[in-house]
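The sequence and structure come first, and the description follows.

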Amino acid sequence: MRFVTQNWVVSWALLLLLSWTTYSSTAMGKPENNIKTSVFLSPKFELGPGTVANKFYYDVDFPRGHIALKSFNAEVVDEAGKSVSLQETYLHHWIVIKYHQPKNVSHNNNQTGIVDLRNGGLCQENVLGQYFGLGSETRGTATDIPDPFGIEIGNPSEIPYGYEEKWFINVHAIDTRGVEDRVGCFECRCDLYNITKDEDGNPLSPSYKGGLDCCPDNSHCRLEKGFKGPKRSLYMRYTVKWINWDNHVVPLKIYILDVTDVLKVSKGMSPEHTCKIEYQVESCSKGYNSSSACIDVRKTSLPMQTGGYVIYGVGHVHAGATASTLFAQDGGVICSSIPKYGNGNEAGNEKGYVVGMSTCYPKPGTIKIKDGETITLEIKYNNSQMHSGVMGLFYILVAEQLPH
């Protein structure tokens with residue numbers, strides 16, 4: 001469910017300061033071709049130059065009732081509602097997770113009695129169990145689900161007696177104003193954060209150059225000497241589209257695949273997955289004189305116990321990536337998702353950043369993963385220079401049956 005184990009304890013004083021704002025595009029819940037749209041703001045988080053926010057917000061505002069989700073988009077905005085450039089605040093990732101909680105539990109980020117509800121897999125326990133989640137590419141990546149498909153939530157028959165369905169959001173953002181090394185900061189290089197131990201106090205391996213362990217909540221990336229700048233109040237603005245559930249909607253299952261997933265198969269036992277989520281791309285040999293010749297290729301092959309028809313697919317990668325591709329067992333391409341890099345300064349087109357990912361919308365019925373089929377995920381990064389804390393994930397929506 002989570003990218004790494006986090007200390008989620010937030011002081012009560014801070015909770016009292018968190019405000020939750022909700023508004024809608026046009027009229028709240030007004031149907032548009034039967035699709036309803038709501039726009040929400042996360043609680044406020046503050047960032048000064050070089051600082052990190054990795055926040056977990058429970059019981060967030062979300063559409064309620066028995067509905068089918070049709071899309072989820074998000075971005076970081078300031079107090080005026082203006083989109084914030086990745087060159088100033090890097091959105092490392094955001095994820096959205098569903099859970100059940102007893103009805104008598106008060107709000108205000110209370111985590112008592114929580115039962116996490118993960119997606120279809122494949123990682124161990126609750127790792128990568130989110131329903132939605134992207135990063136810097138979020139503004140330029142399509143998430144719309146075509147008709148008649150949808151992600152079912154709020155089904156009363158699936159909510160235990162005495163419980164209710166809720167949602168939490170994790171936002172990880174890094175303020176890179178005035179930093180000494182902008183790329184190093186958003187790749188969470190340990191030396192730039194002066195971090196040598198993980199959150200449990202254990203020394204980090206000398207080979208671990210950077211990643212989530214080195215940019216936790218409230219950490220600081222090294223600034224240029226003498227740089228000063230103001231703190232800013234920011235929010236994650238997220239837009240949810242949905243329709244009311246009925247018998248005409250075809251439910252979809254969510255699968256998130258990880259190129260770091262190591263599969264352990266024991267006779268008579270179910271396969272055990274171990275997803276590390278992030279990894280390090282080493283720079284290529286000094287003998288190469290062209291960056292185009294320096295490509296790091298990672299692959300993992302994973303059996304799908306239950307298959308179905310692929311309706312949507314998209315990869316999640318970091319800066320430096322060149323491609324993410326999902327292959328069928330026979331070698332055919334299920335989906336290829338290519339990063340788009342910005343070439344300007346405005347929000348949504350920041351030069352050198354991944355600002356979007358191409359998506360796949362196969363004609364329903366044309367791409368099917370068979371039950372028990374082994375599929376292969378391949379991630380490519382340009383390694384003319386070292387990259388730390390990179391990811392290679394793939395998100396697919398699968399229908400077990402097609403509409404009649």
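## Cavities

The second largest cavity has a volume of about 110 Å³. The model is a predicted one. The residues that line the second largest cavity are Phe 72, Trp 94, Phe 132, Gly 133, Leu 134, Thr 143, Ile 145, Tyr 312, Val 314, Tyr 395 and Leu 397. Nine of the lining residues of the second largest cavity are nonpolar and two are polar, with no charged residue present. Strands S8, S18 and S26 each give at least two residues to the lining of the second largest cavity. S8 has the largest share of that lining, with three residues.

Across the whole structure, three cavities of 30 Å³ or more are found. The largest cavity holds about 120 Å³ of space. Its lining is made up of 15 residues, and Gln 130, Gly 133, Ile 256, His 316 and Leu 393 are the ones nearest the centre of the largest cavity. Strand S6 (89-102), strand S8 (132-134), strand S18 (308-317) and strand S26 (387-399) each supply at least two residues of the lining of the largest cavity. In the largest cavity the lining divides into 10 nonpolar and five polar residues, and no charged residues.

## Salt bridges

Side chains of opposite charge can pair when their charged atoms come close. The structure contains 17 salt bridges. Three of them are described here, beginning with the pair of Lys 98 and Glu 165, whose side chains meet at 3.7 Å, N to O. Lys 98 belongs to strand S6 and Glu 165 to strand S10 (residues 163-175), so this pair ties together parts that lie 67 residues apart in sequence. Lys 98 and Glu 165 are both buried.

Asp 296 pairs with Arg 298, and the closest N and O atoms of this salt bridge are 3.3 Å apart. Asp 296 has 12% relative accessibility and therefore counts as buried, the cut-off for buried being under 20%. Arg 298 is partly exposed, at a relative accessible area of 29%.

Glu 378 and Lys 299 form a further salt bridge, with 3.4 Å between the closest N and O atoms. Glu 378 sits in strand S25 (residues 374-382) and Lys 299 in strand S17 (residues 295-303), so the pair ties together parts that are 79 residues apart in sequence. Glu 378 is buried, with a relative accessible area of 11%, whereas Lys 299 is exposed, with a relative accessible area of 56%.

## Disulfides

A disulfide is a covalent bond between the sulfur atoms of two cysteines. The count for this structure comes to six disulfides. With the bonded cysteines of the protein numbered in sequence order, the pairing reads 1-8, 2-7, 3-6, 4-5, 9-10, 11-12. The table gives the geometry for some of the links.

| Cysteine pair | S to S distance | Torsion about the S-S bond | Hand |
|---|---|---|---|
| Cys 123 and Cys 275 | 2.0 Å | -90 degrees | left-handed |
| Cys 188 and Cys 215 | 2.1 Å | about 75 degrees | right-handed |
| Cys 335 and Cys 360 | 2.1 Å | about 90 degrees | right-handed |

The disulfide of Cys 123 and Cys 275 has -90 degrees about its S-S bond. Cys 123 lies in the loop between strand S7 (115-117) and S8, and Cys 275 in the loop between strand S15 (272-274) and strand S16 (278-281), so the pair ties together parts that are 152 residues apart in sequence. Cys 123 and Cys 275 are both buried.

A disulfide also joins Cys 188 to Cys 215. Cys 188 is in the loop between helix H2 (182-186) and helix H3 (190-193), and Cys 215 is in the loop between H3 and strand S11 (232-244), so this link ties together parts that are 27 residues apart in sequence. Cys 188 is buried, with a relative accessible area of 1%, and Cys 215 is buried at 0%.

Cys 335 is joined to Cys 360 by another disulfide. Cys 335 lies in strand S20 (residues 333-337) and Cys 360 in strand S23 (residues 359-360), so the pair ties together parts that are 25 residues apart in sequence. Both Cys 335 and Cys 360 are buried.

Definitions and conventions: Residues numbered from 1 in each chain as written. Predicted model: local features only at pLDDT ≥ 70, side-chain atom pairs only at ≥ 80, totals over all residues. Heavy atoms only, no water. 1 Å grid on protein atoms, 1.4 Å probe; cavity = no way out; pocket = protein on both sides within 12 Å on 5 of 7 lines; lining within 4 Å. Points joined across faces, edges and corners; volume = space filled by probe spheres on them. Helix = DSSP H or I, 4+ residues; strand = E, 2+ residues; numbered from the N terminus. Nonpolar A, V, L, I, M, F, W, Y, C, P; charged D, E, K, R; others polar. Salt bridge = Lys/Arg side-chain N within 4 Å of Asp/Glu carboxyl O. Buried < 20%, exposed > 50% of the residue type's maximum accessible area, 1.4 Å probe, protein only. Disulfide = S-S within 2.5 Å.
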